[in-house]
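Dear colleague,

I am handing over the structure we spoke about, and below it you will find notes on what was found. Please read them alongside the coordinates.

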Amino acid sequence: MEETGKPKKRPGMPRADFIMGLILMVFGLLAVQESLRLPTYEKDWGGFYAAPGFVPLILGLVIFGMSLAMFIRAVRSGGARGVIPSREAFQAFLRSKPVHRWCLAMLYAWGFFFILGRVYFYLAAFLVLFAFMATFSRQKIYFSLLISIVSSGGIYLIFTKIFLVPLP
Amino acid sequence: MGAVELAKAIWDLLTPNILFSVFWATFLGIIVGMLPGLTATMGIALLTGLTFQWESSNAIVILIAMYVGAIYGGSRSAILVNIPGTPANAATCIDGHPLALQGRAGEAIGIATTSSFFGSTIALFFMAFFTPYLGQIALKFQSFEFFWLTLFGVLICGNLTAPEDPLKGWLAGFLGLFLAMIGMDAIQAHGRFSYGIIDLSGGLSMIPALVGIYGMTEVIQSTVEAQKRGVMTQVKRVLPHARDILSNWKNIIRSGIIGVFVGAIPGVGENIASFVSYDFAQRASKHPEKFGHGSIEGLTAAETGDNACVGGAIIPVLVLAVPGSPPAAVLLAAMWLHDMRPGPLLIIEAPHYIYEVSAMFFLASAAMLILGLSMVKTIVKILNVPTTTLMPIILVLCAVGSFAINGRVFDILVMLLFGMIGYPLRKMKYPDAPLILGLILGEMLDENLRRGLILNSGDITPFFTRPISLILIGFILLTLFSRNRYFRLGMAGLKRATIGRLRGLSGSREEE
């Protein structure tokens, strides 16, 4: 017999599932549409089952179906409430430390990507290492500088001389 | 027969060059596993790129040593600071850290080391002596069976890696399958979803995607969440007492076998193996109340299970080209990169390869035992390196590892994008493993479904009538509906009815 009194706990995170369900539903539909645009080769290969878009079409439909199920579950659990945050909540989100840390981490990672190939690899590696350590580490700045120089030089030497790996 | 071939394979590998590679890669693996945030999958993915130019056998032995070392190495931080170095060692924390708090950290490390070695030995037995038989069964697999196997792999992986919400596990798996559709298809070589981007015409590069999901995601997560580590406990005597091992022999064998079988299930992995082994050990124990408070049995079970799973996960890689765990998925990708073709035909084309890989696994396990019982006090000092110093170095290594294979900056972009996608997915509790498994198995699923249909002019009957297909369909249905309330009620009703009928039969016989 089922437990009575307590409401049954639904799995998942309603608000995140609501948003992700929507995103994945759109993704699934786009996958279906794009799969149908691929050539079918029906004359040469016998039927639509041989088409390059056949499996992506099925996968798109399955992703759509699953995300729809998650979306409905999220709506039933009240996930649609408060999806659009209030101004205060949005400002608090923007002021939160994890968001700042994420933005800085992304800035450094993408910055590293964009300078690769434009400057020497060991210089690019030194810059990203020092920027990361100077921002996020609690150690003294000269110590971060020293570790960055040693690490970037070490990575360069180990991979070019021992592993014989080409560097960007 | 198998024993002779295994011994010969081990003998052939006993060269200074290979032994040096095994020891340094296992040592590096222990360090990678020990440092929270660095996983076995990430370590293997990074080393795959870095050893790409090396001779195949040397490169593969390095990757296997990294795998074995990292899965074992995670027990160090689990015991000393109560943070599992890799997800595989989460069950080790339960009894490992309480032992450390009792001043028995060294003893716990010694037991974890020997248990890991015994787990590996049991797995070696299955790898060397059962894999050839499984290979014979794998020869019966045709397109129909491969299609169901890949589908089963993604579904069971989603089910077990997202126990709270399997739907998210399945969605992650199907997203991975869809991402694998990018690039030229295997039958008509028609470009799909590449939109004129030449770098995408060959499909998403596997290793950069894996490095992104496991490496870059960890860099982002550690930086954003500024995780702190616990206080490290002192290490004294490391060598375990013989009585602790001898009194646990049944536990070791049981956990080893469980580890191997869980490992052989596609994509499931070491974390599940260690928890299942731990659970079985607790049920079988005479002192279940000690579990969670520093039980030697619990620690033994967890560590035996996860290291046995390593060997178990390599078995389907060899005979079916289907990985048993995320690190094994990278190992499979690395084998492909080195022009090795694991799969059903391996047993015909290169049967010796099974013994070679088993020998590599044995050497890595032996190196793990030697390194694990020595230099403990020195090695654990690495745990004092702050995450904020380590993570930027990992970021640079991720870029190098992604670039090294094809020499394309585009692969670094793929790595970064997968890292960016991986972090929110992880926060929303979408597991990584099914996504990666889907990415690896996608091509196999696509090719086999369409080939099966083309060969039978669109007739789907063979997909549902062949015996192995039927077994796999049964497993898939069980995976899909095992958590369904009506299914469970139905099964409970069936069980009651069967028991009632059996009782009725025995009652009528007694009357007669």
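**A buried glutamate and its surroundings**

B:Glu297 counts as buried because 26 C-beta neighbours lie inside 10 Å, where 20 or more are needed for that class. Please bear in mind that this is a predicted model. The residue sits in helix H14 of chain B, and, leaving aside neighbours within four places in sequence, B:Glu297 is in contact with B:Asn248, B:Asn251, B:Ala281 and B:Ser285. B:Ala9, by contrast, is 288 residues apart from B:Glu297 along the chain, and the C-alpha atoms of the two are separated by 34 Å.

Helix H12 of chain B covers residues 249-264 and reaches 23 Å from its first C-alpha to its last, close to the 22 Å expected.

Turning to the two chains together, 54 residues of chain A are in contact with 50 residues of chain B. On the chain A side, helices H1, H3, H5, H6 and H7 each supply at least two residues, and H3(A) gives the most, with ten residues. By class, that side has 45 nonpolar, seven polar and two charged residues.

Finally, the domain assignment of chain A gives domain 1 (14-81) and domain 2 (89-162), whose C-alpha centres lie 38 Å apart.

With best regards

How values were computed:
Residues are numbered from 1 along each chain as its sequence is written. Chains are lettered from A and ligands numbered from 1 in the order in which they are written. This is a predicted model: local features need pLDDT of at least 70, side-chain atom pairs count only at pLDDT 80 or more; totals for chains, interfaces and linings use all residues. Helices (H or I, at least four residues) and strands (E, at least two) are DSSP runs, numbered from the N terminus. The expected span of a helix is 1.5 Å times one less than its number of residues. Domain bounds come from an automatic or database domain assignment. Two residues are in contact if their C-beta atoms, placed from the backbone, lie within 7 Å. Ala, Val, Leu, Ile, Met, Phe, Trp, Tyr, Cys and Pro count as nonpolar, Asp, Glu, Lys and Arg as charged, and the others, Gly among them, as polar. A residue is buried if 20 or more other C-beta atoms lie within 10 Å of its own, exposed if 12 or fewer, and partly exposed in between; C-beta atoms are placed from the backbone.
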